[in-house]
Amino acid sequence: MPRYGASPHQSRLRSGREQGQDRTSGAPGLLWMGLVLLLALALALSDSLVLWAPAEAHPLPPQGHPARLHRIVPRLRDVFGWGNLTCPVCKALFTAINLGLKKEPNVARVGSMAIKLCNLLKIAPPAVCQSIVQLFEDDMVEVWRRSVLSPSEACGLLLGSTCGHWDIFSSWNISLPTVPKPPPKPPSPPAPGAPVSRVLFLTDLHWDHDYLEGMNPDCADPLCCRQGSGLPPASRPGAGYWGEYSKCDLPLRTLESLLSGLGPAGPFDMVYWTGDIPAHDVWHQTRQDQLRALTTVTALVRKFLGPVPVYPAVGNHESTPVNSFPPPFIEGNHSSRWLYEAMAKAWEPWLPAEALRTLRYLSSMETQEGKKRIGGFYALSPYPGLRLISLNMNFCSRENFWLLINSTDPAGQLQWLVGELQAAEDRGDKVHIIGHIPPGHCLKSWSWNYYRIVARYENTLAAQFFGHTHVDEFEVFYDEETLSRPLAVAFLAPSATTYIGLNPGYRVYQIDGNYSRSSHVVLDHETYILNLTQANTLGAIPHWQLLYRARETYGLPNTLPTAWHNLVYRMRGDMQLFQTFWFLYHKGHPPSEPCGTPCRLATLCAQLSARADSPALCRHLMLDGSLPEAQSLWPRPLFC
């Protein structure tokens, strides 16, 4: 049986030389257009298609588009015998492709060729190849038709810089107001006895409607423990009742157990919920499937949390195809209007009219602001003096293939964010930001602009909360001038789902409370888990237990940015402290493989890296010279 996928440290694609004549079947134009679709799938799904790679201990290296594709392309050139392909012929072929797609985009024929290539290169099992291509083909051909990718750029990617220049994601800058930045002013500690808010944080629930106890947890598909996974071998127990330490998501009963068992962790003043509701069955999801997940889980949250206000953010798995979030200038059936309208309807009991207005997908005919300021993000005021901003981080996503058309501040979201922050500064308010994908995992220009915004409004921005990586970590921000003064921290909370090999979990933040002149900063946080080994024991009752408290466990004087910065450097020299962090990073179920020195330094580097593709942030971490090559290791999520 062929092995599909690759380990985290191997190329995403495997050679298919042995297939011989199949590699040249079909017209050359269709072959190239099929390859275009396949490359786009590799670009968009490199963290979603190859989701069944082994759950190893090591974080991933850099995963920017050029780095990914430059690893893929040489193998494709070998497979298809393109060693003698000349630059003029390449540009002529891509010119013909562009003309052909604009004249008559034959989606079905392009998809058929992409399926053959997917099977030839053993990217996935044949059934997954067919389903994923059919799911993506319409959108991908539309993106290619609208894309700014010229023959020179495409051939520069395939043949090297002598034939052209790959520069789709060029640099850009947002505009900051001319108002001078106030001098940095660290928050004052709250007075003894001051109110403290408890905020429940939920992320990455990933409900699998088809989860089935007893099914094979190690199937060939990207997601297992479900109908269609088959029975496990006699030597392997089947999927557990409450979940499984494998490439599996959660049954609804586990989410219901989580929500019904929140009592000991409460009471809560509000809930931040940062998305990824559907399962990882990304190869055959329909819009109806996604809307069922949205409405079912939203109803469950409302049932158990009652009157507690819930403030959601949009995850990358909410749409189908996965990661498909067109900017608002894309209208018609390709737009995300179907999703944003459903979210607005489902979340209307929690959100005021001002938030619903920017959450919804409105055309320029329907709003005076114009469509640039609309699409899955919003701002509101939970308390006097506190502004909450929910960002649609899919507009920064490296896997959102719609950004191939134009990645410059999609939907004008960052410029809108600047306006919100400046207004909050003018009023003397504090701000919380919630979102799904952390800023250090975004496209470089988006990430660097966000970093710049955080630095400008450090006095106003009290806290940032994200999810997406499924593990328990953080990202420290520094002043741009010296990259040495910690000025902000983003908290990355662990997932509810087990995917891959984790305990289910959730987070509770203790925050300076609702009173006049509150700092609204995080004072501490607690993480709760369900120990699956215990829960899946015959006759056991699931018990959600406190895993740890941050300040107590790490010996932090407070939870301000400097304390997290210092923790990283303490872990560099204290192996026992790092092993504690590594255990908690995986929600109490770390991989059996130890995290050696390269893994440890890469993991620590990630905690300092709130700005994408910026190895200078880790330069001090590596000054001991023990492993200078660790600067090239860039930890990124394995399982999101």
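1. The lining of the largest pocket holds 20 nonpolar, 12 polar and eight charged residues. Here Ala, Val, Leu, Ile, Met, Phe, Trp, Tyr, Cys and Pro are nonpolar, Asp, Glu, Lys and Arg charged, and the others, Gly among them, polar. A pocket is an open set of points on a 1 Å grid over the protein atoms alone where a 1.4 Å probe fits, with protein on both sides within 12 Å along at least five of seven lines; lining residues have an atom within 4 Å of a point.

2. This is a predicted model: local features need pLDDT of at least 70 and side-chain atom pairs pLDDT 80 or more, while totals for chains, interfaces and linings use all residues. Numbering runs from 1 along each chain as its sequence is written, and side-chain values use heavy atoms, leaving out hydrogens and water.

3. The largest pocket contains about 1000 Å³ of space. Of its 40 lining residues, Lys185, Pro186, Pro187, Lys430 and Asn459 lie nearest the centre. Two or more lining residues come from each of α11 (413-427), β7 (461-466), β9 and α15; β9 has the largest share, five residues. Helices (H or I, at least four residues) and strands (E, at least two) are DSSP runs, numbered from the N terminus.

4. Helix α15 (residues 561-573) has as its buried residues Pro561, Ala563, Trp564, His565, Leu567, Val568 and Met571. Buried means under 20% relative accessible area with a 1.4 Å probe, protein chains only. Their cover includes β9 (486-492), β11 (522-530) and α17 (597-607), where contact means heavy atoms within 4.5 Å.

5. Overall, the protein has 17 helices and 12 strands, and 62% of its 640 residues are buried.

Key. Buried means under 20% relative accessible area, exposed over 50%, partly exposed in between (1.4 Å probe, protein chains only). Grid points are joined across faces, edges and corners, and a volume is the space filled by probe spheres set on the points.
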